[in-house]
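Colleague: Could you walk me through this one? I would like to begin with the strands and then move on to the chain contacts.

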Amino acid sequence: MKNLKAKPKKKQPAKAKAKGDATIKIDGKEIKAREGSNLVQVARENGIFIPSLCYYEHIDPPLGTCRVCICEIDGKPAPACMQKVKNNMEVRVNTPEMEDTRKAIVEMMFAEGNHFCPACEKSGNCSLQHMGYEMGVSISRFPHLFKDRLIDFHPKRMIIEHNRCVKCHRCVEEVLTQDGKRVFSLCNRGNETVVGIDYEEEAKLTQEEALAAMQLCPTGAILVRGQSLAKPFGDRRFDKESVQKEERAKKAVVEAATKAAKEKKVIATISLAGCFGCHMSMLDIDLGFIDLLEVVEFNKSPINDIKKFTRQCDIGLVEGGCCNSENVETLREFRKKCDILVAVGECSIWGGLPAMRNMIPLEECLEEAYLNSITTVAGEHIVPYHEDLPKILDKVYPCNEIVKIDYFIPGCPPNPEHIWKAVKNLLWGDHYSILYSEFKYD
Amino acid sequence: MEAETLSTQRAHPELLNCLWEYQNQHGYIRDEDIGQCSERFGISKIQLEGVISFYHFFHRRPAGQFTVYLNNSIVSEFKGFQRVREAFERETGARFGEVDPSGLFGLFETSCIGLSDQEPAALINFHPFTNLNTLKVRQVIAGLKQGVPVEELCDEVEDNIRHVPPGKRAVFFREYYPGNAITKLNGMTPEEVIEEINRSKLSGRGGAFFPTGLKWGLCRQQAATPKYIVCNADEGEPGTFKDRVLMNTMPGLVLEGMATAGYAVGAREGILYLRAEYMWMKDKLEKEIERFYRMELLGKNAAGIDGFDFDIRLQLGAGSYVVGEETAMLNSMEGKRGEARVKQYYPIERGFLGKPTVVNNVETLCGAARIIELGADQFLATGTSTSPGTKVISVSGDCHQPGIYEIEYGVKVEELLKACHADDPHYIQLSGPSGECISLADKERRLSKDDLSCGGAFMVFSKHRDILQILLNFTSFFKEESCGVCTPCRAGNFILQRKLEKIKLGLAQQSDYTDIRQWGHIMQSASRCGLGKAASNTLIKALDTFPEFFEVQQGEGLTRKFDLNKATEEYEKFKS
């Protein structure tokens, strides 16, 4: 494989580069760099973080496919990976507009593919997930498209998970057989574009080459059978800390609001189409919960088992999306009864794991569950339908498509510290800063 | 012939033709063909699949003995597309996207086939059928079933040239004598030719308006050889058909334009990239090329100029809008997926096979040939001082006289609307879906480089047309035709389409329009090539131009509009 051969190239002494013959400005900071070197690389060497996904040091010309590294170059938006350093180049990385555009593109990838991080083998080693964290993506502004995509189990050694592919082109350019043939290629066009794999050529790869291909993939789209879980979750590449440690820490510190004497507030919580995992997480502050009860009172909530609202609440925490008519009604009631409504966890934000059914027509799901399943008891071949039963929706809807949601706390489940810090901030303006470890969860 | 180009992918200029041979032989490309092709070119099968699946006229499954491609552009939609579509399904027994059980007919939808002045139109085995209606479809299909050859059933495509500037002011549509332009080259140095084109201020007529003389001059300065001239005859922008008429009426003029460019930049080979939708013109163009060789206007010492050898060949496309972008076209000619290249080099530096290449639109080349024939002065005497000359406009939509209008630059929108007898015009789309939309408030504005620059399409829609239907058609078009390489274009168009569908359902809120603007802007600034950058232009412009159409009754409340009955519709099926 090419990247193995090209490795020595990477080991150019960093100091030689530092003595560059060009002076450029990145966010006002003057930097010396070698004329013609790659901008993403130069920024990285100087401790400036430009998010990137498809960029890979020795693919030349760069791919320019993912567009995540878009910056303002001499006043115009352009992907940084496509830029060769020129003297007097002026680069602006962290302007509000550019930050938002880059974030939008990552959100677009989450909306376009079917990314269920908590159920993904690559979680913690995934560059897309990592970029999401680094940019503070908590909710995709775009509607999730839930396009039905296949998982290709045909290759002898690999599994291609088309739901997770971001079409970065890395594997297309880099994974070649010994006789120089391509193992991957983009196929189709438009929104049907997929990365196809050649089964014959794939069989020619050595185990090492196959593993390198899996690592090359920035997401969990290329998996090698039996090798995808080699390292446990929690100890993986992006699990521990942010690459932009200092900056992020600085950003995360929000001026503490003036603390007033704590007035007692009323909270309601509910689990809709969720697993109660977010509620379990809420309880995970352990003894802290006793302190909490001094300043809040729970109204309708599974925590105290109050079934009906008895008064207007200050804040409502909603876990889960809407998968049936009852969920919709409950959510609408919550909107009426709570002044602030917060969506807690992935399911309430965009559907989460229950939305795995969104790619499949409802009819097929129900038939599979009630009629054709191996555990179906003979003679009981019906799909339950009764006027007293909630009606199942055609797909799982995120809460903000039904009612207006004021705040979103992402995670599967969100870290307990994160949930309560956010709630305290919303209710009393308490100091709010989230550590990387508290923001890292799935 | 193989050469290293920019990408690590090798070029296979023969590949597209090879695939066409297989496609024509069996009506589709079989697995064994892929095997043979893979051996011959030394590339993996998946790479071939990647190329084949990029172009919508290549099939990997049988596509019927008679393959019908029905145009689904917006003009066709308004002129009865749905009825014609149903008629095809009824008469053939096949469904769209499929082949009937006997394998006789395959029905497919396709984007604009360059016949917007005679819609609804379809291609059957690449022969044109125009002005279709239910009755005509029945007759055509009956004829085919009886064994009448397609060639006999198909229509003669009308040129519909409606307006030409009076007297000597016409540049394009005036009498044409083969060789009048090329023979003038004898006695001029290449530099003089470039100077003459520069003086005329001719600029690219494909829509980008790059000065033609400058492009030629820069290419001439390149040291690398050989150099190539590529004629871009892939006008895929829906609503555009000017190049069709230019090539159909004066195929020789296009060749002369190419030879002129070849002489100016020092190229020996010209390639005319013809879109597959125009396959019915292929014979005519090839015969004209032969005639030019016989007249010694091409080949060795072309047009009697010592040392000027110039050959022209034809390259057939295979169905893809984005290939009309010049670098995508170069990739396609090299037997690759027609994805636009990253902007590291201009084609004049490294184009076809990595060599300096001039890519010009059909109209630009015709214009250049006329300038050499008539002199820059005559060209400069027409139009306005900043945009001299005439422009060929394809007019279609709700007007009584759709067709070709050669207008002088500076003409007012109002004048053109009057000339084409537009019916109660309300919404006008300039330069196709990637262009811009205007309303009658702009009727005093002029078509010229400084005001309304127009790539060639002028689609008029009356007050009775649904603007949302127009925009949905455009967005679906981009969703299909995006090359799929970069995220903002591939996903963005898909997302915008969903948004428009939501609006169509009556679930729109003010924030949805804000979203369209912001998301459209992200696509504009972050996309990789012109397609993605331009795809949201019309949508955003429409919100500004027709605000009354997008007015939302209800303000932003706490509950969203959500149709619970519709969401539970599917489940209700299980009520026994």
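**Strands and chain contacts**

Modeller: In chain A, strand 1 (residues 22-26) and strand 5 (residues 90-92) run parallel and are joined by two bridges, strands being DSSP runs of E of at least two residues and helices runs of H or I of at least four, numbered from the N terminus. This is a predicted model, in which local features need pLDDT of at least 70 and side-chain atom pairs count only at pLDDT 80 or more, while totals for chains, interfaces and linings use all residues. Residues are numbered from 1 along each chain as its sequence is written, with chains lettered from A and ligands numbered from 1 in the order in which they are written.

Colleague: Which residue is the bridge partner of A:I26 in strand 5 of chain A?

Modeller: That partner is A:V91.

Colleague: And in what order do the five strands of the open sheet in chain A come?

Modeller: The order is 2-1-5-3-4, with mixed pairing, where two strands pair if DSSP finds at least two bridges between them. Strand 2 (29-33) and strand 4 (76-79) of chain A each have a single partner strand, so one side of each is left without a neighbour in the sheet.

Colleague: Switching topic, how many residues of chain A are in contact with chain B?

Modeller: There are 54, facing 48 residues of chain B, contact meaning that C-beta atoms, placed from the backbone, lie within 7 Å.

Colleague: Which element gives the largest share of that side of chain A?

Modeller: Helix 5 of chain A does, with seven residues.

Definitions and conventions: Contact = placed C-beta atoms within 7 Å.
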